[in-house]
Amino acid sequence: MNKVDKLIEAATLARSRAYAPYSDFQVGAAVEAEGGDIYIGCNVESASYGLTVCAERVAIWKGISCGEKRFTSIAVVVDTEELTPPCGVCRQIIWEFCGDVPVILSNLHGKTETVQMSDLLPRAFDSKFLK
Ligand code: THU
């Protein structure tokens, strides 16, 4: 299985574990770390809706907390006909921890598209402005 399909498969597994009783909108994400390890995340909602965390950030936080520093690609799986891109908050976090990586969007029916982070978040703010 190629790397892209592996990442989509991992994100699909993560999606099956989504905790989304309020929105009923299940999202799965998988990031590949520089060394090749894959970390998965699903959205986890709260009864206090604003505390919900998106699948993309859960996957990245899991990798970071396991000692990873950078990631080389990310896949996002949602069962929508029009492929779902990461929300604005997640675009910022993906940019900071992954940089200008390919973002693989997929649904459960084999539809996939790869978009580049710099197209999703042009002229991004990041740590270089803090120096
Ligand atoms: N969600 C994600 O997990 N990732 C995104 O990029 C978009 C939104 C989740 C948050 C919430 O649990 C549900 O989708 C509906 O917004």
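Which polar backbone atom is 2.9 Å from an oxygen atom of the ligand? That atom belongs to Ala 55, and the pair is a polar contact (N or O atoms within 3.5 Å). The model is predicted: local features need pLDDT of at least 70 and side-chain atom pairs pLDDT 80 or more, while totals for chains, interfaces and linings use all residues. Residues are numbered from 1 along each chain as its sequence is written, and side-chain values use heavy atoms, without hydrogens and water.

The residues surrounding the ligand (a heavy atom within 4 Å) include Phe 25, Val 27, Asn 43 and Pro 86. By class, this shell has six nonpolar, three polar and two charged residues.

A pocket is an open set of points on a 1 Å grid over the protein atoms alone, with protein on both sides within 12 Å along at least five of seven lines; lining residues have an atom within 4 Å of a point. The largest pocket holds about 160 Å³ of space, the volume filled by probe spheres set on the points. Among its lining residues are Thr 84 and Pro 85.

Key. Polar contact = N/O pair within 3.5 Å; in protein donor to acceptor, adjacent residues only side chain to side chain. Nonpolar A, V, L, I, M, F, W, Y, C, P; charged D, E, K, R; others polar. 1 Å grid on protein atoms, 1.4 Å probe; cavity = no way out; pocket = protein on both sides within 12 Å on 5 of 7 lines; lining within 4 Å.
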